Amino acid sequence: MSDQTLSNSAGDTGDSASTSQVRIQLSTRHPDIALPENPGPILVNTNLRRYALSTLVNALLQSEKPIPFEFLINGTFLRTTLDQYLTANGISAEITLNVEYVRAIIPPVYLASF
Amino acid sequence: TTHIESIREQPPRSEEEARRLWSHYDDMTRNLSISLTEQLRLILAPTLATKMRGDFRTGKRLNMKRIIPYIASQYKRDKIWMRRSIPSKRNYQIMLAVDDSKSMGESGSGQLAFETLALVANSLTMLEAGEISVVGFGNEVKVAHDFGRPFTNEAGAQIVQHFTFQQTGTNVRELVAQSIMLFREARSKNINAGTDLWQLELIISDGLCEDHDSIRRLVRQAQEERIMIVFVIIDALVKGQSIMNMSQAMFDSDGGGVRIERYLDGFPFQYYLIVGDVRELPGVLAQALRQWFSEVVESG
Ligand SMILES: [Mg+2]
């Protein structure tokens with residue numbers, strides 16, 4: 001075995017901060033905001049929150065004026081990142097997450113900046 | 001008919017259960033194994049590598065590239081003939097890496113993975129082409145069968161015991177990194193020293209993995225060490241969830257825009273095939289291997 005083989009560790013890929021991912025299946029009960037065609041499962045980073053998911057749905061809808069959306073997973077509104085949701089509910093990122101979206105009724109809350 | 005309960009409901013299974021499962025998959029894939037063996041026999045036969053090579057004073061065919069230097073050297077450089085090179089004896093180390101993560105159980109891909117494992121392991125054993133190893137991966141990589149140990153029915157049953165498709169992560173990057181290490185070790189222990197050793201890894205998985213950039217780098221490194229990796233994607237049996245329809249959403253770092261790409265467009269493995277039915281496997285696998293072996297023979 002050459003020196004190079006010995007010194008060259010295959011495990012060394014650098015400590016890239018890799019975010020984990022999860023598959024989501026988007027759906028809605030409201031025909032007016034339904035996706036034109038079922039996009040199938042979409043792989044997203046688990047660090048996403050409501051706002052990013054809203055951006056995603058608007059992109060899929062190709063809406064000219066973005067519509068704010070809220071997201072429901074297993075009947076509860078997503079108020080954290082997907083990752084925090086999965087952890088809090090003991091769900092592994094190995095499954096496809098069914099995510100339902102509705103129009104946001106309450107306008108986005110702005111925190112006063114001091 | 002035999003009734004095999006869904007894999008996902010099985011806790012770590014008993015020896016008896018594992019033996020029953022293995023013999024079930026063994027029976028199921030017997031004819032396919034024979035067909036794959038026959039196809040592989042043709043591909044792996046070392047005679048295929050026979051090429052005419054230069055440079056000799058006598059031989060069978062003229063090496064045209066040597067003619068002009070021959071004349072220019074006033075007929076001094078007279079090694080202008082090629083001979084049929086004697087095919088070097090090759091032996092193989094083939095690693096089957098089976099995805100043991102939960103997504104495999106969720107989609108019902110686990111059964112198909114076992115069928116694939118039985119099919120491929122049995123044909124390679126029939127071929128007597130070399131050593132076989134089996135590893136499982138999920139959160140971590142576990143060796144279920146070492147290189148150098150004969151692959152028997154008993155070994156098959158023991159391997160089945162290792163898999164539950166319950167691991168809560170799919171670390172493909174770690175798998176490739178560990179595989180490179182395992183192949184290095186196996187290369188150093190190879191009993192047929194001096195022969196041409198070919199190392200091949202078949203990853204059997206549903207194809208869902210993250211950290212594509214790191215994986216791509218490792219795959220390149222494996223290639224540099226002459227380790228060939230073929231990714232066999234067991235496609236979801238769940239309707240509408242085929243990996244071919246799956247997309248990936250990528251956000252700009254400022255959170256402003258989003259790009260939606262086809263998942264497979266960013267897939268980090270150069271050689272992959274998609275199988276939805278084990279019966280397709282002998283054909284597609286043989287085709288992929290034929291392509292690879294011919295590329296390696298040409299570059300060698
Ligand atoms: Mg998985």
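In the predicted model, buried residues account for 39% of the 300 residues of chain B. The chain contains nine helices and 11 strands. Of the contacts in chain B between residues at least 6 apart in sequence, 74% link residues at least 24 apart.

In soluble globular proteins, nonpolar side chains tend to be buried together. The largest nonpolar core of the model comprises 83 residues, and those with the most contacts inside it are Leu96(B), Ala97(B), Leu117(B), Val176(B) and Ile204(B). The greatest contribution to this core comes from helix α5 of chain B (residues 109-127), which supplies nine residues. Leaving aside residues up to four places away in sequence, Leu96(B) touches Leu117(B), Val120(B), Ala121(B), Ile132(B), Val134(B), Leu202(B) and Ile204(B).

Val176(B), one of the core residues named above, also takes part in the contact between α7(B) and α8(B). Helix α7 (residues 172-189) and helix α8 (residues 212-224), both of chain B, pack with their axes 9 Å apart and at an angle of about 20°. Angles under 35 degrees count as roughly parallel, and α7(B) and α8(B) are therefore roughly parallel to each other. Their crossing is left-handed. On the α7(B) side, the contact is formed by Val172(B), Arg173(B), Val176(B), Ala177(B) and Ile180(B); α8(B) contributes Ser214(B), Ile215(B), Leu218(B), Val219(B), Gln221(B) and Ala222(B). Classified by residue type, the contact of α7(B) with α8(B) consists of eight nonpolar, two polar and one charged residues.

How values were computed
Residues are numbered from 1 along each chain as its sequence is written. Chains are lettered from A and ligands numbered from 1 in the order in which they are written. This is a predicted model: local features need pLDDT of at least 70, side-chain atom pairs count only at pLDDT 80 or more; totals for chains, interfaces and linings use all residues. Axes are lines fitted to C-alpha atoms, for helices over the stretch in contact, and angles run from 0 to 180 degrees between N-to-C directions. Helices (H or I, at least four residues) and strands (E, at least two) are DSSP runs, numbered from the N terminus. Angles under 35 degrees count as roughly parallel, over 145 as roughly antiparallel, 65 to 115 as roughly perpendicular and the rest as oblique. A crossing is left-handed if the near helix is turned anticlockwise from the far one by less than a right angle, and right-handed if clockwise. Two residues are in contact if their C-beta atoms, placed from the backbone, lie within 7 Å. Ala, Val, Leu, Ile, Met, Phe, Trp, Tyr, Cys and Pro count as nonpolar, Asp, Glu, Lys and Arg as charged, and the others, Gly among them, as polar. A nonpolar core is a set of buried Ala, Val, Leu, Ile, Met, Phe, Trp, Tyr and Cys residues joined through C-beta atoms within 7 Å. A residue is buried if 20 or more other C-beta atoms lie within 10 Å of its own, exposed if 12 or fewer, and partly exposed in between; C-beta atoms are placed from the backbone.
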